[in-house]
Amino acid sequence: MTSTPTHTLARTARHSWIVTQRDLRHWVREPWGPIFGIAFSIMLLLVFGYLFGGAIALPGGGDYLPYLLPGMFALTMLFGIETTMAAVTTDSKRGITDRFRSLPMSSVAVPLGRAGADLANSAIALAVLMVGGLFVGWRIDGGAGQALLAVGLLLWLRFAMLWLGIYLGLTFRGEGSMAAVQVLVWPIGFLSNLFVAPETMPGWLAFLAQWNPVSATAAACRELFGNPTGITDGVLADHAGLLALAWPAVLVAVLVPLSARAYRGLAR
């Protein structure tokens with residue numbers, strides 16, 4: 001009997017959920033990685049919020065701490081690419097991926113299951129960081145619906161970043177590849193509006209920061225949370241929400257097929 005597209009999608013979703021459950025059980029047995037990741041994000045929040053915050057002025061006015069928190073949330077969604085990459089690479093080296101490939105599963109089911117497990121972990125980390133922000137004085141001045149939309153944008157960015165980690169894990173499995181990714185994550189995070197407003201940067205640097213996908217998510221979330229945006233002009237002043245939706249969509253549209261192709265080609 002020929003499979004219909006609906007049947008194929010349902011089977012892929014079912015297989016992905018099985019892989020997601022398997023990966024979530026790993027988090028339960030070995031929780032230290034996520035715990036240390038959350039602790040590191042909280043440490044950055046305290047460093048920038050309390051050590052440097054008093055020296056940073058925002059274009060358009062406003063306190064620095066409410067500006068910083070949405071940026072920290074977006075940074076947390078960026079972090080962890082190397083963790084996902086390491087998990088995918090480890091499964092490949094141990095032969096676990098080959099065992100999955102020997103089963104009648106969709107080529108996207110295993111990577112999608114990995115992304116689902118990491119997204120659940122990221123949602124928990126984001127919730128913890130948001131609660132920590134409330135304790136240090138951050139407030140949500142927008143409506144509840146807008147706040148939920150902001151959380152959705154953050155997780156949407158995270159979903160796209162996870163596919164980047166999956167693709168890199170399936171493609172680059174050398175010992176030095178992990179260090180290279182870790183080195184690249186930091187410039188992407190800092191060359192943005194996460195910590196300072198692009199309007200305070202030199203012209204060429206401000207251009208790059210405004211067109212950084214992470215900047216779009218941070219700017220859109222600041223608007224939705226009712227926090228200072230640090231923006232008085234530029235592309236993010238009028239189109240932050242649209243860009244926060246579009247950038248991850250482009251990344252997912254490109255990286256999912258590439259990841260499926262890399263997964264099918266592992267044995268070659």
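Colleague: Why is the crossing of α7 and α11 called left-handed?

Modeller: α7 and α11 cross in the left-handed sense. Mind you, this is a predicted model, where local features need pLDDT of at least 70, side-chain atom pairs count only at pLDDT 80 or more, and totals for chains, interfaces and linings use all residues. Residues are numbered from 1 along each chain as its sequence is written, and side-chain values use heavy atoms, with hydrogens and water left out.

Colleague: What makes α7 roughly parallel to α11?

Modeller: The axes of α7 (residues 144-171) and α11 (residues 235-264) cross at roughly 25 degrees and come within 8 Å. Under 35 degrees counts as roughly parallel (over 145 is roughly antiparallel, 65 to 115 roughly perpendicular, the rest oblique), so α7 gets that label against α11. Axes here are lines fitted to C-alpha atoms, for helices over the stretch in contact, with angles from 0 to 180 degrees between N-to-C directions.

Colleague: Which residues in α7 and α11 meet?

Modeller: Contact means heavy atoms within 4.5 Å. On the α7 side they include W156, F159 and W163, and on the α11 side P248, V252 and Y263. The residues of this contact divide into 22 nonpolar, two polar and no charged. (Ala, Val, Leu, Ile, Met, Phe, Trp, Tyr, Cys and Pro count as nonpolar, Asp, Glu, Lys and Arg as charged, and the others, Gly among them, as polar.)

Colleague: And α4, why is that called oblique to α7?

Modeller: The axes of α4 (residues 81-93) and α7 come within 7 Å and cross at roughly 40 degrees. That angle makes α4 oblique to α7. The crossing of α4 and α7 is right-handed. Among the residues that meet are M85 and V88 in α4, with R158 and G165 in α7. This contact has nine nonpolar residues, four polar and one charged.

Colleague: Is H239 buried, exposed or partly exposed?

Modeller: H239 sits in helix α11 and has a relative accessible area of 40%. Buried means under 20%, exposed over 50%, and partly exposed in between (1.4 Å probe, protein chains only), so H239 is partly exposed. H239 and A220 are 19 residues apart in sequence and 8.5 Å apart in space, C-alpha to C-alpha.

Colleague: How many helices and strands does the protein have?

Modeller: Eleven helices and zero strands, taken as DSSP runs numbered from the N terminus (helices are H or I, at least four residues; strands are E, at least two). Of the 268 residues, 48% count as buried.

Conventions: Left-handed = near helix turned anticlockwise from the far one by under 90°.
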